[in-house]
Amino acid sequence: MKQSQNKDHAALAEDFIKDNEHVNWHDGALWYIREKRDLASKQIPEWEALREAASKIKSNVISNLHEYLLQFEANLQKNGVKVYWAADAEEHNAIVYSILKAKEITEMVKSKSMLTEECGLNEYLFERGIEVINSDLGEYIQQIDNEPPSHIVLPCIHKRKEEIGELFHKHLGTEKGLSDPTLLTRVARKHLRNIFLTRRAALTGVNFAVAETGEYVVCTNEGNADMGAHLSEVQIASMGIEKLIPQKMHLAIFLRLLARSATGQPITIYSSHYKRPREGQEMHLILVDAGRTRQLGRADFRDSLKCIKCGACMNTCPVYRKSGGLSYHNTISGPIGAILAPNLNMKQHADLPFASTLCGSCSNVCPVKINIHDQLYKWRQVIVKEGYAGNAKSLSMKAMAWTLSSPGNFATAGKAGRWFLHKLPFIVNNKFNPWYKQREMPEGPKESFAEWYTKNKENDKKE
Amino acid sequence: MTVGLFIPCYVNQFYPDAAKATLQLLKKLKVDVIYPPKQTCCGQPMANAGFEHLTTGCNQLFIDNFSGFDYIVAPSASCVLHIKDHLHSDKNEDQAAIIRANVFELVEFLTDILKVEKLDAVFPHKVGLHHSCHGLRGLHLAQMSELNAPLFSKPQRLLNMVQGLEQVDLDRLDECCGFGGSFCIAEEAVSVKMGKDRVTDHTKNGAEYITSSDLSCLMHLEGILHRNKSSIKIVHIVEILNATV
């Protein structure tokens, strides 16, 4: 997999921004989806009430996770689904491998699973002689380019159609220069159709798992997850333990919110319910912790587990739109990724909570009302206190200078204004000052307001 | 009614005209205004960069300066929001709570406390209104475009009282400008790109002036406008509301 570990968000974003025309396209494409989301949500008078309800249901879930998980497990078993518990990525991958190995399966088709991306499943299985094909078109494109997805709903949104045409030319033998999306999709479809017909195992993610019935729901637009599942003799589902909802009726709320938030569609084309294996088929479900219980224990951040992975916060985030998902160097990018990632590895992801202006648009579009921007602010406090601020390279060098304005200095400097002028980092007109690179300094007036006010007050007294 | 005038540190230093206009407008509206001279900073630059634990001194200073007023008013949504959300004190938490409840951004003070219905202001120009995120999503100066909720806009209502002023419509109503405090330094590339795109929205829709209730946004946009030798100017909303022929 292409790696970007050596650079922080600011540096990766700077690289992304160099191609101005492409950034404008990327920004516009995602803004278009944000507008579709606005339109769809405003057609439902009860939209804000739905968000509130969904948020409360998820609060209930994460507060009673233990009970719901046991209920879900019991119902899965009753339905004939084999259940596994994985504490971390390694355990999860080993479970998938053992299931495949028992059936001597060496090829698997996979769809709609960010969790297995997070776990590095493809690489793990590849090292053990098992080939995995991502069947979702966007995920497939990312896979043949050996690059992680840049968006949880639109995995290759950062790529231009010409780049995809070039990839298809290299990997699927299409004509050089072919970049028509419809034609490229047809080629991929034909190629993938053959894969579906020959793979014995299929793995999918889970959008919603219903504790009450032991069924799980996978929402897609392409139907690839369904085709994989329907044609397989071994069906595997991997899910984070937070994906539960208590009852089937709650789907009425979540399904209405999910697609509208994600793409502005009233509902996804397929909302497939999987409950029990067909005759001759095996069904396996893996419940994965991988840091989720740790996040549950963080009072300020536990609400991040309410996320239903719609991607609305990415589409609305101006920083995401201008910097691209890969600049977040984490499987889940954007604002939600920036509050989830530090829990997984605080040192490695120390820069992400700072990759935001705290504008708050993310919290407003979130269908489960996660206070994303408040959590970004709180993560900053944690990261600084834990001593990881230095790991965000540009942050340590640049933003720390800004924060030198400690109150002690202010209080003792007498003329606070003079002090301020000397310490504010963008005051210096030189190339080491990031403000000045593309912006002029504010023009310093002859006298500050405080000076003017004092002088005026003295004049008033004289009169 | 006695109002303590809170002039944020960078406004004091770089934009004294906006501070003067605030003082003059409040006086015009028959408000007793006092400017506590020892005030400095609300502490937001540190806190947003992750150093909230270093703002104890700032907080205490703010409490010392602004206790005892009926209201505290500032021409800066961002600084007001920071005080509202984060002003605390181990020594005087009661006083901190009173200040948090009584601190107002100028536009909301004019709208909600003074209930201004008309102004003697003239500003014969085409103006684009930039919503600062802290004013919009923090203080709810206007309805946020993400929500399915009734529309309103306190700054727009006030601008409508200004003679000769023509508001231009923007393509993106309330997109962030990319200033973001330490973000403008730490994420220079993204910050500038966001700023440039906001400027373009105002430019292509014919604005002569960009106004806002936050000078931090405007300082960032002005830096970009000046670098690109643009003829478009920035102006704090209070300078418009206080403008005469």
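Q: What share of the residues in chain A is buried?
A: This is a predicted model, in which local features need pLDDT of at least 70 and side-chain atom pairs count only at pLDDT 80 or more, while totals for chains, interfaces and linings use all residues. Residues are numbered from 1 along each chain as its sequence is written, and chains are lettered from A, with ligands numbered from 1, in the order in which they are written. A residue is buried if 20 or more other C-beta atoms, placed from the backbone, lie within 10 Å of its own. Of the 463 residues in chain A, the buried ones make up 49%.

Q: Over which residues of chain A does pLDDT stay under 50?
A: For pLDDT, the predictor's confidence in each residue from 0 to 100, chain A has a mean of 90, and 89% of its residues reach 70 or more. Where pLDDT is low, the predicted coordinates should not be read in detail. That caution bears on a stretch for which the model has 49 contacts beyond four places in sequence (a contact being two residues whose C-beta atoms, placed from the backbone, lie within 7 Å). The stretch with pLDDT under 50 is residues 396-419 of chain A.

Q: Which element gives the largest share of the side of chain B that touches chain A?
A: The contact takes 66 residues from chain A and 59 residues from chain B. Helices are DSSP runs of H or I with at least four residues, numbered from the N terminus, and those giving two or more residues to this side of chain B include α1 (9-14), α11 (188-204) and α12 (215-227). The largest share, seven residues, comes from α12(B).

Q: Which residues have the most contacts inside the largest nonpolar core?
A: A nonpolar core is a set of buried Ala, Val, Leu, Ile, Met, Phe, Trp, Tyr and Cys residues joined through C-beta atoms within 7 Å, and the largest one has 187 residues. To this core α12(B) gives the most, with seven residues. The residues with the most contacts inside it are B:I72, B:V73 and B:I240.

Note on methods: A residue is buried if 20 or more other C-beta atoms lie within 10 Å of its own, exposed if 12 or fewer, and partly exposed in between; C-beta atoms are placed from the backbone.
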